Number of protein chains: 2
Amino acid sequence: MEKKTGELQTEQFMKRCRENRLKVTPQRLAIYQELVGSSEHPSADRVYRNIVRTNPTISFDTVNRTLLTFAEIGVIDTVESHSGVRRFDTDLAPHHHLHCVQCGSITDFSDPMLDTLPLPEAVNSNRFQALGRRVIISGICETCRQSARKE
Amino acid sequence: MEKKTGELQTEQFMKRCRENRLKVTPQRLAIYQELVGSSEHPSADRVYRNIVRTNPTISFDTVNRTLLTFAEIGVIDTVESHSGVRRFDTDLAPHHHLHCVQCGSITDFSDPMLDTLPLPEAVNSNRFQALGRRVIISGICETCRQSARKE
DNA sequence: GTTACTGCAAAGGCTTTGCAGTCTG
DNA sequence: CAGACTGCAAAGCCTTTGCAGTAAC
C-alpha cells in the first residue's frame, strides 16, 4: 500500500526546515503545499492570490519572503526572466524551457540528452564551478502563432 | 587598407534606422556607439552612467527608451535575468551564458557544438516555433569562489 | 512642414525594509 | 523563554506614461 504523497512531502518539508533552522509555521506549510500542486512558474503575486483563497489572513509580504527563503534553501528555484517580475520554478528536476518571445510564457520540457550535455572546454578554462545547466529555446508558442494567423 | 570599424558600424546602424523608419539622432548614435564598445550585459542605468560622461545632457529616459527600441528592431537583445533588473546583450551572435548564482554575473562563452544542438522531439510536439537557443550554465564564478575561500 | 524624438515630471508596479506583536521549538 | 516569524506600513527601485518643446527628414 502506498503512502499518501501529501504526507510524505510534508514530512520532507519539515525535515528540510529543521535542517536549515527554519521554524515550521502554518504560513510556510500552506505556501509549500500550494507550490507542490503547481507546475507553473508563478510570480510571488500569483502564489499569493492562490493562497489567500484558503488562507485569507496571510499577507503578501509573508508569501514573498517565504518564496525567497525557499529559494535560498533550495526548495524551489528562481527562473530566468525577461519580464522584470521574478518568477519561481517548483520543479527541481533537470528540465529545460521554451520561452515565447511574444507573450513571455515559459513552458517546461524534458530531454535526457540535453541534461547530460558535455560541458564545453570554455567553462573549465573560465574556472567556473558548474552546478547546473539549462537549455532555453526561444521562439513563438502555439497560442501566439494561432492568434498571429487570425490577424 | 582596412576601413575603420567605427565608420562601418555607424553606416550600418544608420541604414538599420532607416529600414525601421527611425530617425538618426545624436542620442541614438551615442548610445549605439557605447554599446558597440562594450561586451557586458549592462542595465539601462549602467549604459546611462557611461554615456552621461561624454553626453552630459542626455536623459535616463532617452537611454532607456532607446535600448527598448533597439531591442525591438533587433540591434540588441534582452537577457534573461534573475535579478529583476532588465539587462541587455550587445552580442547578437549565438553564444551561451555562465550565470553565477552568487553574485548574479553573466559571462558569455561560445561553443559551436551547443549552437547546433539538435532540437528535441518535445519542441515539435509542442508546436513551438523555435527561433534560437541558449545554454545557461549556472554555478559559481571564479571571483566568488576565491572570496569564499578567504572566509 | 510633418512626424518623430527628447527631456522632464509624475505615476505605476514590484520588491525590500523596519518594527511591534506573536508564535515556534 | 529566546529567537524567529508575521503582518502592516512605508520606503526604494526600476520602469512606464503623458506632454510640451525640439529636431530630423
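Tutor: Contact means heavy atoms within 4.5 Å. This is a predicted model, in which local features need pLDDT of at least 70 and side-chain atom pairs count only at pLDDT 80 or more, while totals for chains, interfaces and linings use all residues. Residues are numbered from 1 along each chain as its sequence is written, chains are lettered from A and ligands numbered from 1 in the order in which they are written, and side-chain values use heavy atoms, with hydrogens and water left out.

Student: Which residues does B:His97 touch, not counting those up to four places away in sequence?

Tutor: B:His97 touches B:His41, B:Val79, B:Glu80, B:Asp89, B:Ile106, B:Thr107, B:Asp108, B:Phe109, B:Arg134, B:Val135, B:Ile136 and B:Ile137. B:His97 is found in strand 3 (residues 96–100) of chain B, where strands (E, at least two residues) and helices (H or I, at least four) are DSSP runs numbered from the N terminus.

Student: Why is B:His97 called buried?

Tutor: Buried means under 20% relative accessible area, with exposed over 50% and partly exposed in between (1.4 Å probe, protein chains only). B:His97 has a relative accessible area of 0%, and therefore it counts as buried.

Student: What makes the pair of B:His97 and B:Asp108 a polar contact?

Tutor: Their side chains come to 3.1 Å, and the term asks for a pair of N or O atoms within 3.5 Å, where within protein one must be able to donate a hydrogen and the other to accept it, and residues adjacent in sequence count only if both atoms are side-chain atoms.

Student: How do you know that strand 3 of chain A is largely enclosed by the rest of the structure?

Tutor: Five of the five residues of this strand are buried, so strand 3 of chain A is largely enclosed. A:His96, A:Leu98 and A:Cys100 point one way, A:His97 and A:His99 the other way, and all are buried. In a regular strand the side chains alternate between the two faces of the sheet.

Student: What makes strand 3 and strand 4 (residues 106–109) of chain A a pair?

Tutor: Two strands pair if DSSP finds at least two bridges between them, and four bridges join these antiparallel strands, with A:His97 opposite A:Asp108 in strand 4 of chain A. Their hairpin has five residues between the strands, and there A:Gly104 takes a positive phi near 85°. Four bridges also join strand 3 of chain A to strand 5 (residues 129–140) of chain A, which run parallel, and A:Cys100 stands opposite A:Gly139 in strand 5 of chain A.

Student: Which residues line the largest cavity?

Tutor: The lining consists of B:Glu34, B:Leu35, B:Ser38, B:Glu40, B:Pro42, B:Arg46, B:Val47 and B:Asn50. On a 1 Å grid over the protein atoms alone, a cavity is a set of points where a 1.4 Å probe fits but cannot get out, and lining residues have an atom within 4 Å of a point. Grid points are joined across faces, edges and corners, and a volume is the space filled by probe spheres set on the points; the largest cavity has about 50 Å³. Helix 3 of chain B gives the most to this lining, with three residues.

Methods. On a 1 Å grid over the protein atoms alone, a cavity is a set of points where a 1.4 Å probe fits but cannot get out, and a pocket is an open set with protein on both sides within 12 Å along at least five of seven lines; lining residues have an atom within 4 Å of a point.
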